[in-house]
Amino acid sequence: MPGKVILTITSGPKAGQAFVFDEHDTFLFGRMSDCHICLVDDAFVSRHHFILEANPPDAQIRDLGSLHGTYVNGQKFGGRKQHETPEEGAKSQYPQVALHHGDEVKVGKTTLRVEVDSGTSLPASAPALHCQRCGKDVSAEVAAGHEGTYICESCQHHAQNDPAQLLVDLLHETQPASQAGVALSDYTIGKLLGHGGMGAVYLARHKKTGELAALKIMLSKVPVNSSAKEQFLREIEVTRALQHPHIVRFLGYGGQDSTFYFLLEYCEGGTLAQLMQQRGGRLTLAEAGPILRQALEGLTYIHEQGFVHRDLKPQNILLQSNNDALITKISDMGIAKNFEKAGFSGMTATGSYAGAYPFMPREQVTSYKHYKPVSDVWAMGATCYLVLTGQFPRIQRSGQDAIDVVLSNEAIPVCQRDPHLPSQVAEVIDRSLLMNVNERYQNAQEMYEAFAKALK
């Protein structure tokens with residue numbers, strides 16, 4: 001990942017402090033003790049005032065419905081009028097704002113200066129960056145210091161309808177930069193199985209054997225240089241070696257320019273989210289219990305091998321039929337995590353990935369890059385909660401910012417959603433969703449043992 005983002009306090013009670021971001025991370029400003037800058041005595045600072053996300057060399061800031069707003073180069077973003085409630089103010093908040101080298105952010109008595117060290121030695125006269133598909137100059141879309149291959153926002157928007165065709169076109173134009181296991185050309189690409197903020201999944205069939213596979217395609221939101229691509233694929237190769245009955249198998253992977261593909265074991269039973277939809281929005285404990293227990297078995301293996309998942313939710317839990325029983329498989333293992341780590345995902349905390357917020361533990365915002373197994377436990381608990389009740393653990397007030405929900409709202413005890421759940425099961429789910437990480441199960445094995453015992 002290129003360069004650094006440096007945040008320096010130039011005036012105010014914390015003047016002189018500097019914060020350096022050399023990888024994807026978040027930064028909170030406010031009056032609460034969980035903020036990276038905590039200013040309890042400034043009346044113009046709200047509890048959680050703003051969040052800054054750095055994905056070097058890019059940076060983005062988002063006001064969290066503060067009372068007085070956040071000023072960027074003298075222009076006010078966010079904030080609410082004196083007579084408005086936080087909920088009413090949140091409805092009119094401005095969207096996130098991109099930050100650039102030399103920008104100043106001001107809240108109350110505090111001013112912060114943004115510096116971007118691109119980490120490159122590109123001369124001032126370096127040629128402009130162009131879209132790999134349409135050829136247009138994309139200098140206005142990307143931060144200074146980016147280099148590599150890039151698909152412009154317009155082409156990315158069009159590719160949302162059929163990213164598979166974009167990848168096929170790219171592969172036909174040039175040879176794949178890297179691949180492992182199998183070649184994409186060995187497969188016929190079929191129907192769309194699903195899509196999300198980071199990619200799309202298609203059904204694929206091997207041309208000779210007829211074997212079905214799931215083809216996941218991911219398009220980088222930022223320019224991709226050769227070193228970042230190689231590092232990303234090395235990380236994928238490590239997680240590809242994970243083998244467990246309750247983890248989706250990797251068959252192969254590759255990429256071209258800023259587009260990547262992954263051939264994965266196909267699970268004909270679809271996702272847990274789809275099964276919930278078929279059942280009217282929730283499952284009975286009798287049906288959900290074995291599925292969730294198996295998912296915890298797979299997650300236990302992941303944690304035992306020294307990995308975390310980072311994106312657990314019903315959409316990433318797949319199902320296979322085995323006679324009359326369903327076998328649970330955790331998907332996306334290492335893909336989303338490594339895609340974010342490489343910086344290819346763009347902005348995920350302040351960006352447009354609201355679908356993940358209900359499964360995001362508080363520490364994923366306050367300590368973004370230090371994600372641990374205990375955070376997967378929260379996401380797994382939120383998944384159990386939704387599957388069994390049809391509702392998310394936290395209540396989001398009308399107009400409340402999704403990030404503020406993650407930071408401020410405790411999970412509602414699951415028995416309040418469904419008083420018929422056995423108390424032992426409810427206790428396991430509630431403990432997995434505690435805001436204090438030290439009071440939760442510390443890893444999947446602890447939660448698995450408690451959940452399996454509760455099901456007996």
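Predicted model: local features only at pLDDT ≥ 70, side-chain atom pairs only at ≥ 80, totals over all residues.

Me: In which sense do S3 and S4 pair, and over how many bridges?

Reply: Strands of a sheet pair through backbone hydrogen bonds, in either a parallel or an antiparallel way. Here strand S3 (residues 25–30) and S4 are parallel, with two bridges between them, and phenylalanine 29 stands opposite isoleucine 37 in S4.

Me: What is the order of the five strands in the open sheet, and which are the edge strands?

Reply: The order is S4-S3-S5-S6-S9, with mixed pairing. Strand S4 (37–38) and strand S9 (97–99) are the edges, since each pairs on one side only.

Me: Is glutamine 60 buried or exposed?

Reply: A residue is called buried under 20% relative accessible area, exposed over 50%, and partly exposed in between (1.4 Å probe, protein chains only). Glutamine 60, which lies in strand S6 (residues 58–63), has a relative accessible area of 15% and is therefore buried. Its side chain also makes a polar contact of 2.9 Å with the side chain of threonine 350; such a contact is a pair of N or O atoms within 3.5 Å, where within protein one must be able to donate a hydrogen and the other to accept it, and residues adjacent in sequence count only if both atoms are side-chain atoms. By way of contrast, alanine 43, in the loop between S4 and strand S5 (48–55), counts as exposed because its relative accessibility is 68%.

Me: Which residues of helix H12 are buried, and where on H12 do they lie?

Reply: In helix H12 (residues 423–432) the buried residues are Val425, Ala426, Val428, Ile429 and Ser432. They lie on the same side of H12 because they cover an arc of only 160° around the axis, the arc being that of the directions from the helix axis to the C-beta atoms. With contact meaning heavy atoms within 4.5 Å, these buried residues pack against helix H6 (285–304), helix H9 (373–389), helix H11 (414–417) and helix H13 (444–455).

Me: Which residues touch the most other members of the largest nonpolar core?

Reply: In soluble globular proteins, nonpolar side chains tend to be buried together. A nonpolar core is a set of buried Ala, Val, Leu, Ile, Met, Phe, Trp, Tyr and Cys residues joined through side-chain atoms within 4.5 Å. The largest one has 46 residues, and Leu272, Leu283, Leu292, Met380, Ile429 and Met447 touch the most other members. Helix H5 (272–278), H6, strand S18 (317–322), H9, H12 and H13 each give two or more residues to this core, and H9 gives the most, with ten. A second, separate core of 24 residues includes Phe50, Leu52, Ala54 and Val114.

Me: How many helices and strands does the protein chain have?

Reply: The protein chain has 13 helices and 19 strands, and buried residues make up 54% of its 456 residues.

How values were computed: Residues numbered from 1 in each chain as written. Heavy atoms only, no water. Helix = DSSP H or I, 4+ residues; strand = E, 2+ residues; numbered from the N terminus. Pairing = 2+ DSSP bridges.
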